[in-house]
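The terms are given their cut-offs as they come up.

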Amino acid sequence: MMRQSGPGPGAARRLLAVALLACGLASPNLVSAAESAPVISQRVSATLLSGRDSVAPGERFHVALVQKLAPHWHTYWLNPGDSGEPTQIHWTLPAGAKAGEIAWPAPRAIRVDPLVNFGFEGQVLLPVEITVPAEAKPGETFSLKAEATWLVCEKICIPEEGTFQLDLPVAAAGVTEVAAQQRIDAALAALPKPAGFRGRLAADGDKLALALPGLPAGAADLRFFPLSDTLIEHAADQPAKAGDAPSLTLTRSSAFKLEQPEISGVLTFQQDGAARALTLVADADPALVSKAADDAGSAAFRPAVVRIPVPAEGADLTLVAALAFAFAGGLILNLMPCVLPVLFIKALGFAQTAHRSRAETREQGLIFLCGVLLTFLVLAGAVIALGSLGSSVGWGFQLQSPPLVIALAVVMVLIGLSLIGAFEIGGSVVGVGDGLASRGGRFGAFMTGVLAVIVATPCTAPFMGAAMGYAVTQPPAIALSVFMALAVGFALPVVALSFAPGLLRLLPKPGRWMLVLKQAFAFPMFATAIWLIWVASVQTGPQGVLAALVAVLAAGFIVWLVGVTRGSLSRRAFGTVLAVLVALGAGWFTVENAVPGANTEARAGDVQAWSPERVAALQAQGKPVFVNFTAAWCITCLANERVALSRQEVKDTFAKLGITYLKADWTNRDARIAQALAEQGRAGVPLYLFYPARKDGQAEILPQLLTPDMVIAAAERAAGRNAKTAANRP
């Protein structure tokens, strides 16, 4: 490529890169030293572009964040309109260097019925001016590191981020990269120009009139994009009046708020077939400002930072109430389908020992309790530690990690294989009763407690959500006490069974039935493994399924290898080393391939993706809203969807009452969903909210176990006085 000055460090590096590329030893990215490595998703390809190959001390130059968007996807302007968030860039620069603000291009109105967003489609360059410190020395490296975040939307919105780095040499004279600088110059030239006149904003009945006294002749297709998000209804038309007094008629926002005597924004229009944009400042009628001042205490809809006021179910609990709720939730957790198979296995062991030694049965019950308490203690410590580091975590947070989901699936497969007789854990089967006993013991009782807690984490029982929401907001000592109350409630049925001779005598004597039942329980374990692999597929896509199957294969091979290398010390050593190598290889493959991806399932059928901005916008339009906070790994959530939310009578009611169904999918980690859960006093899913059909109306929180009648009744309450009329509509 051509440059504006003679050979320098940048030219030498470019020449070397071209030579390497010709030899097939370098990638094409190396040819453009003025452009960072790209960050690529299915929706956006982003790079950081520099107008310089090398920089001089004290000079100013421009870089630009370049976003190439897939068809129909868009990112957002400084005021995103009815929903969304603008792109943000956080810089890490050498000492003394400075980065300016983003120079925003003129936006366009992007309709996503019934909303209108302000943003960009196709390709957009966001220029930023960089100042090199005067103290920089030739021969040094000027490193720019940018951490950018953006929201990319089509019918769903996906937050993305990327880290970009450019290392530019410092020279006595800067070297311009002509092609890159031309792209940046074109972006700068297309930025909105100062209007050269001031507009005037006044009331026009229930609307606003924006006078444009200096508008160029022949301007057409006018649209005003205000910087304030509380000035106008973004989706409303803006009729233009031509002639000697050109003006725009704007629809006043339902959350109108004007605190300054002037407004600013960008005016776009067509002139002689060319698109133009002007930065406009308009003086506001004092009556508008004073009216807004009178209403200053009212809440305003700010799409990018909206916080919806809903009562926090766990926020007002006392410690005594939280402990009681946690204990009750732990008891009910035993009834969840993810827990029952493991507890039945323990009860099966009690059936064998009950007719032999009550002391041994009581001992195993207490050891089971120790396993439960210790595992809950570890989970509580992880939640508290991560919370202190600023992470938003809650009950079941570990299942948001695809490698841990796959590891749990492998454990389920191994347990199932052991139950069905493929191999034995802890001894061989001499007889039906003796074999089951040899598989038990103290270690077996302890590990059963551990496993019961692990498989319970996808479930949230009634009372438990409020207790966990209270716990994660409290100091560590109080949080631990709530977790321990949950653990005691969870372990109590098994411990009580071990100490209840009357109940144990009701169990039949050991016999062949125990072998049959033992083998039968293998299939719930296999079913759980299949479900967990499906969860991994939702989190990661096909690569996650491949990683899970490889992990299962490796686990089976390791178990077989340990069995066939028994005998001499050398055979055991060989088997152990090979097993460790296989485990490490499979672990590496799983971690590399089980990478969380963007979840687009939230828009299946009539269900839309949740965002707090979407809720606020729908309420502002007078529409009731139902929000389902869920996750693929949450069995309680899946059960509620089958039993209640997917029932035809519920769907018909939603359609008749005009209720919008939003889904907040927490299968993968999502800080916004975690924050929303915390605002409701919850630490995990499920959570069901019904927002009434009025702006800023508080949400009704539904119980964690749903029935169709319960959902229909709540829907009618949310729809308000229109419910009866709508329900009778043909």
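Asn628 has Lys663 in β23 as its bridge partner. The two strands concerned, β22 (residues 625-630) and β23 (residues 660-665), run parallel and are joined by six bridges. Strands here are DSSP runs of E with at least two residues, helices are runs of H or I with at least four residues, and both are numbered from the N terminus. Two strands count as paired if DSSP finds at least two bridges between them.

The model is predicted, so local features need pLDDT of at least 70 and side-chain atom pairs count only at pLDDT 80 or more, whereas totals for chains, interfaces and linings use all residues. Residues are numbered from 1 along each chain as its sequence is written, and side-chain values use heavy atoms, with hydrogens and water left out.

β22 and β23 belong to an open sheet of five strands with mixed pairing, in the order β21-β23-β22-β24-β25. Its edges are β21 (607-609) and β25 (700-701), each of which pairs on one side only. In general, the strands of a sheet pair through backbone hydrogen bonds, either parallel or antiparallel.

Thr660 is part of strand β23. With a relative accessibility of 12%, Thr660 counts as buried; the term means under 20% relative accessible area, with exposed over 50% and partly exposed in between, for a 1.4 Å probe and protein chains only. Apart from neighbours within four places in sequence, Thr660 is in contact with Gln608, Leu618, Pro624, Val625 and Phe626. Contact means heavy atoms within 4.5 Å.

Helix α20 (residues 671-679) lies across β22, β23 and β24 (687-691) and runs at about 110 degrees to β22. Axes are lines fitted to C-alpha atoms, for helices over the stretch in contact, and angles run from 0 to 180 degrees between N-to-C directions. Helix α17 (residues 612-620) contains Ala616, which counts as buried at 12% relative accessibility. The C-alpha atoms of Ala616 and Gly697 are separated by 9.5 Å, although the two residues are 81 residues apart along the chain.

Another helix pair is α19 (residues 648-657) and α21 (residues 708-719), whose axes come within 10 Å and cross at roughly 5 degrees. The two helices are therefore roughly parallel to each other, a label for angles under 35 degrees; over 145 counts as roughly antiparallel, 65 to 115 as roughly perpendicular and the rest as oblique. From α19, the residues Glu649, Val650, Thr653, Phe654 and Leu657 meet Pro708, Val711, Ile712, Ala715, Glu716 and Ala719 of α21. The residues of this contact divide into eight nonpolar, one polar and two charged.

Elsewhere in the chain, strand β11 (residues 141-153) pairs with two strands described here. With β6 (residues 88-92) the sense is antiparallel, over five bridges, and Gln88 stands opposite Thr149 in β11. With β12 (residues 157-169), β11 also runs antiparallel, joined by 13 bridges. β11 and β12 form a hairpin with three residues between them, and Cys153 has Cys157 in β12 as its bridge partner.

For the chain as a whole, there are 22 helices and 25 strands. Buried residues make up 48% of the 730 residues. Among contacts between residues at least 6 apart in sequence, 74% join residues at least 24 apart.

Technical notes:
Nonpolar A, V, L, I, M, F, W, Y, C, P; charged D, E, K, R; others polar.
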